[in-house]
Structures are given as structure tokens and as C-alpha cells.
Amino acid sequence: SGTLAPSEGAVLFDGHDITALPAYRRARLGIGRTFQIMRPFPGLSVLDNVAIGALFGHGGGQAQLARAREQARASLEFVGLGRFCEQRAEELGGPGRKRLELAKALAMQPRLLLCDEVMAGLNHVEIEAVIDVIRRVRVRGVSVLVIEHVIKAIRSLSDRLLVLHHGVKIADGAPQAVLDDPAVVQAYLGRKRA
């Protein structure tokens with residue numbers, strides 16, 4: 001997403017090297033992301049938090065605030081937060097803030113959505129709701145890359161899994177094959193279960 005610079009290698013998106021591009025330029029190319037640690041813009045409504053994504057997202061965003069707010073309302077409805085538009089964003093609870101993160105990223109109209117631990121801290125019902133939102137995002141034709149430890153979500157959303165352990169790739173392939181890989185089981189569930 002451009003938040004951190006790579007220490008080596010290159011980042012390619014749609015066949016173009018974007019390694020040196022700052023985050024805002026990557027967003028305009030169509031890369032949206034959520035953050036594990038949710039930090040809504042304080043003092044702003046839920047609607048205006050999401051409108052910021054529409055203003056600065058893919059294709060240069062919506063230059064007019066009224067149009068950006070329309071896009072924001074649509075994104076909030078999509079994630080199930082439509083009735084909270086006028087509420088201050090910092091008043092949302094944890095599950096609401098997770099959905100707010102998704103709405104902000106979706107308002108950017110991404111072609112690639114990067115989700116960082118979007119289900120961390122949620123209960124089973126809330127996880128199911130977020131899984132449903134991500135499935136509907138995929139149906140729209142958006143590619144989704146999910147960093148997640150909730151196995152239920154990984155199993156139900158993934159076409160391909162890549163597992164890193166201490167920054168080293170230990171498995172890559174079909175979801176069930178990767179989840180059954182002894183190196184993955186040992187790294188994430190412990191030696192006794194491997």
C-alpha cells in the first residue's frame with residue numbers, strides 16, 4: 001500500500017513498477033487497504049470519515065464533497081453501517097470500527113483491496129458478517145488480499161494461501177493443502193499438533 005518502503009525487491013501492480021510511489025498515488029491507481037489498528041478521523045461523522053476515501057481514491061477520487069458523500073453513503077450501506085452516517089466515528093464500538101475501515105477502503109473504489117486483520121477481535125457472528133462483505137466485494141470484481149489469523153475466514157475466502165513465518169515463506173498453494181502442511185501446523189498451532 002506504500003505505508004512502508006520495501007527493503008529489497010520491487011512492487012508491481014497491473015504490470016507497472018510502483019515501488020517508489022507514495023501511498024496516495026497507489027490509492028489513485030486502485031489500491032485500497034484497511035488497517036488492523038482502527039483510527040477513525042476524530043471529530044468527524046461516520047459519513048465524512050468514509051467520504052475522505054471517496055475524495056482521494058481510485059481515478060483521482062470525487063472532487064466534489066457532495067459526490068464523495070454519495071459514494072460514502074453507498075459504501076456504508078454496503079458494509080451495514082448506513083444508519084450510523086451522522087454518528088461521530090469515534091463513538092462506534094470495535095465491530096463498527098472494523099466495518100468503518102472496510103467502508104473507507106471501499107469508497108476509494110479499489111481494484112485491489114488489502115485487508116489487514118479485519119476480523120481480529122470479532123466474535124463468530126461478527127466474523128461471519130465481515131466474511132459476507134468480503135465475498136460481496138469479490139463478486140464486484142475486486143481482488144482481495146487478506147492478512148488474517150482467523151482460520152475460518154481463511155478457509156472460506158481463499159483461492160490461494162501464502163504463509164509467512166518470521167518473514168520467510170513456508171507454504172504457498174491451495175488452501176486445504178497449505179492448512180494441512182506440517183510446517184504451517186507447527187508454526188501456527190505448535191509442535192504437539194504437527
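Predicted model: local features only at pLDDT ≥ 70, side-chain atom pairs only at ≥ 80, totals over all residues.

Biologist: What about Gln 109, where is it and what is its phi?
Modeller: Gln 109 sits in the loop between α4 (94-107) and β4 (112-116). Its phi is positive, near 55°, and it is not a glycine. Most residues other than glycine have a negative phi.

Biologist: Is Glu 117 buried or exposed?
Modeller: Glu 117 is buried, because its relative accessible area is 9% and the cut-off for buried is under 20%. Glu 117 lies in the loop between β4 and α5 (124-139), and its phi is positive too, about 50°. Gln 109, by contrast, counts as partly exposed at 33% relative accessibility.

Biologist: Switching to the sheet with β4 in it, what is the strand order?
Modeller: The order is β3-β4-β5, an open sheet of three strands with parallel pairing. β3 (31-33) and β5 (143-147) are the edge strands, each pairing on one side only. From one strand to the next, the twist averages 15°.

Biologist: How many bridges join β3 to β4?
Modeller: Three, and the two strands run parallel. In one of the pairings, Arg 33 has Leu 114 of β4 as its bridge partner.

Biologist: Now helices. At what angle do α4 and α5 pack?
Modeller: About 10°, with the axes 11 Å apart. That angle is under 35 degrees, so α4 is roughly parallel to α5. On the α4 side the contact is made by Pro 95, Arg 99, Leu 102 and Leu 106. From α5 come Glu 126, Ala 129, Val 130, Val 133 and Val 137.

Biologist: Which residues touch the most other members of the largest nonpolar core?
Modeller: Leu 76, Val 79, Leu 100, Leu 102, Leu 113 and Met 119, out of 35 residues in that core. The elements giving two or more residues to this core are α2 (46-56), α3 (65-79), α4, β4, α5 and α6 (151-157). Another core, of seven residues, lies apart from it and includes Leu 161, Val 163, Ala 171 and Val 184.

Biologist: What does Met 119 contact, skipping neighbours within four places in sequence?
Modeller: Its partners are Ile 127, Val 130, Ile 131, Ile 134, Glu 148, Val 150, Ala 153 and Leu 157.

Biologist: And Ile 127, is that buried or exposed?
Modeller: Ile 127 counts as buried, at 7% relative accessibility. Ile 127 lies in α5, and leaving aside neighbours within four places in sequence, Ile 127 contacts Met 119, Leu 122 and Val 150.

Conventions
Residues numbered from 1 in each chain as written. Heavy atoms only, no water. Helix = DSSP H or I, 4+ residues; strand = E, 2+ residues; numbered from the N terminus. Buried < 20%, exposed > 50% of the residue type's maximum accessible area, 1.4 Å probe, protein only. Core = buried A, V, L, I, M, F, W, Y, C linked by side-chain atoms within 4.5 Å. Contact = heavy atoms within 4.5 Å. Axes fitted to C-alpha atoms, helices over the stretch in contact; angles between N-to-C directions. Parallel < 35°, antiparallel > 145°, perpendicular 65-115°, else oblique. Pairing = 2+ DSSP bridges.
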